[in-house]
Amino acid sequence: MKVLVTGVNGQLGHDVANELACRGHDAVGVDIAEMDITDRVAVERVMGEVKPDAVVHCAAWTAVDAAEDEENISKVYAINVDGTKYIADECKKLNCKMIYISTDYVFGGGGTKPWAADCKDYNPLSVYGKTKLEGELAVAKALEKYFIVRIAWVFGANGKNFVKTMLNVGKKFDTVRVVNDQIGTPTYTFDLARLLVDMLESEKYGYYHATNEGGYISWYDFTKEIYRQAGSQTKVIPVSTAEYGLSKAQRPFNSRLDKSKLSDNGFQPLPSWQDALARYLKEINHGTN
């Protein structure tokens with residue numbers, strides 16, 4: 001199977017391309033230099049030349065706070081909405097499958113009940129969330145052979161993420177303040193990439209939620225476990241989002257994603273986030289073992 005992977009230089013795109021290659025598929029990775037997704041002509045040209053059997057669309061504007069800046073909003077829409085639509089339109093022409101990577105930010109984040117994969121109770125609170133939702137809708141409108149996969153709290157070897165940030169902060173400070181009222185579950189891109197290729201090898205299309213297993217936690221809980229596994233003595237102090245108060249974008253308090261649809265459709269759930277974190281720390285040479 002020939003698979004076009006957008007955003008191949010990012011955390012997830014990097015791991016998806018590697019997983020495809022490991023399984024003997026022909027992975028064609030592109031980033032902005034090879035295919036500017038905001039340029040419809042470029043998308044048509046590259047996809048027309050590659051003629052993929054499937055596309056894994058990992059490219060996106062993911063800087064959540066910067067997306068709120070007036071000078072960036074049109075660019076965020078061009079990448080997350082227009083770019084996604086151009087790719088979906090080409091997938092339709094080429095009759096190929098598409099995986100669109102989405103986010104917990106499409107939901108308003110109220111209450112404590114986990115969001116079901118097929119829930120349509122959208123209420124994005126940020127520009128990032130609104131544009132990712134519009135991307136979802138563009139894919140679902142254009143295609144029948146699609147997977148929309150919502151993920152949350154992503155970490156991987158190839159890029160910046162919360163784990164790396166906390167490790168760096170822990171080297172500089174004896175104490176850190178971390179919010180304890182935003183609840184969700186982390187997602188390790190190495191594990192997610194395996195699931196995404198499993199999906200591509202199937203025809204079980206639709207909406208899915210995919211994070212690691214291991215229960216719902218706060219960013220405070222996550223940070224404590226990062227430091228415990230890394231052998232750091234940095235003290236973690238829990239604070240509310242209001243007390244923390246640094247973010248431009250409003251973030252969902254409830255990022256609990258119900259992942260039961262995965263096993264219902266025969267897909268193997270991801271390992272626990274604790275196990276994923278341990279493997280990740282070893283991967284980036286921060287593990288204690």
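These legends go with a set of close-up views of a predicted model.

Residue numbers start from 1 along each chain as its sequence is written, and side-chain values use heavy atoms, with hydrogens and water left out. Since the model is predicted, local features need pLDDT of at least 70 and side-chain atom pairs count only at pLDDT 80 or more, while totals for chains, interfaces and linings use all residues.

**View A. Helix 1 against helix 6.** Here helix 1 (residues 11–22) packs on helix 6 (residues 189–200) at an angle of about 55 degrees, with the axes 8 Å apart. Helices (H or I, at least four residues) and strands (E, at least two) are DSSP runs, numbered from the N terminus. The axes are lines fitted to C-alpha atoms, for helices over the stretch in contact, and angles run from 0 to 180 degrees between N-to-C directions. The pair is therefore oblique; under 35 degrees counts as roughly parallel, over 145 as roughly antiparallel, 65 to 115 as roughly perpendicular, and the rest as oblique. Helix 1 passes helix 6 in a right-handed crossing, and a crossing gets that label if the near helix is turned clockwise from the far one by less than a right angle, or left-handed if anticlockwise. On the helix 1 side, the contact uses Gln11, Leu12, Asp15, Val16, Glu19 and Leu20, and helix 6 brings residues including Phe190, Leu192, Leu196 and Leu200. Contact means heavy atoms within 4.5 Å. By class, this contact of helix 1 with helix 6 holds nine nonpolar, two polar and three charged residues. For the classes, Ala, Val, Leu, Ile, Met, Phe, Trp, Tyr, Cys and Pro count as nonpolar, Asp, Glu, Lys and Arg as charged, and the others, Gly among them, as polar.

**View B. Helix 3 alongside helix 4.** The axes of helix 3 and helix 4 (residues 127–142) come within 9 Å and cross at roughly 15 degrees. That makes helix 3 roughly parallel to helix 4. This crossing is right-handed too, as helix 3 passes helix 4. Among the contact residues are Ile73, Tyr77, Thr84 and Lys92 of helix 3, with Val127, Tyr128, Gly135 and Ala142 of helix 4. The contact of helix 3 with helix 4 divides into ten nonpolar, four polar and six charged residues.

**View C. The two sides of helix 2.** In helix 2 (residues 40–50), Ala42, Val43, Val46, Met47 and Val50 are buried, with buried meaning under 20% relative accessible area, exposed over 50%, and partly exposed in between (1.4 Å probe, protein chains only). Looking down the axis of helix 2, the buried residues fall within an arc of 115 degrees, so they line one face of the helix; the arc is that of the directions from the helix axis to the C-beta atoms. Those buried residues pack against strand 1 (2–6), strand 2 (26–30), strand 3 (54–57) and helix 3 (73–94). Turned away from the buried side, the other face of helix 2 carries the exposed residues Val41 and Glu49.

**View D. Glutamate 90 in helix 3.** Glutamate 90 sits in helix 3 and counts as buried at 6% relative accessibility. Setting aside neighbours within four places in sequence, glutamate 90 is in contact with Val43, Glu44 and Met47. Two of these names, Val43 and Met47, also turn up among the buried residues of helix 2.

**View E. Isoleucine 101 in strand 4.** Isoleucine 101 belongs to strand 4 and is buried, with a relative accessible area of 7%. Not counting residues up to four places away in sequence, isoleucine 101 touches Leu12, His57, Cys58, Lys132, Val149, Ile151 and Leu196.

**View F. Phenylalanine 267 in its loop.** Phenylalanine 267 is in the loop between helix 9 (260–264) and strand 14 (270–272), and is buried at a relative accessible area of 7%. Beyond its neighbours within four places in sequence, phenylalanine 267 contacts Leu195, Asp198, Met199, Ser202, Lys204, Tyr208 and Leu262. Serine 202 is 65 residues from phenylalanine 267 in sequence, yet 9.6 Å away in space, C-alpha to C-alpha.

**View G. Loop residues with positive phi.** Most residues other than glycine have a negative phi. Asparagine 95, in the loop between helix 3 and strand 4 (97–103), has a positive phi near 55 degrees and counts as exposed at 56% relative accessibility. Tryptophan 153, in the loop between strand 5 (146–151) and strand 6 (154–155), has a positive phi near 50 degrees but counts as buried at 9% relative accessibility.
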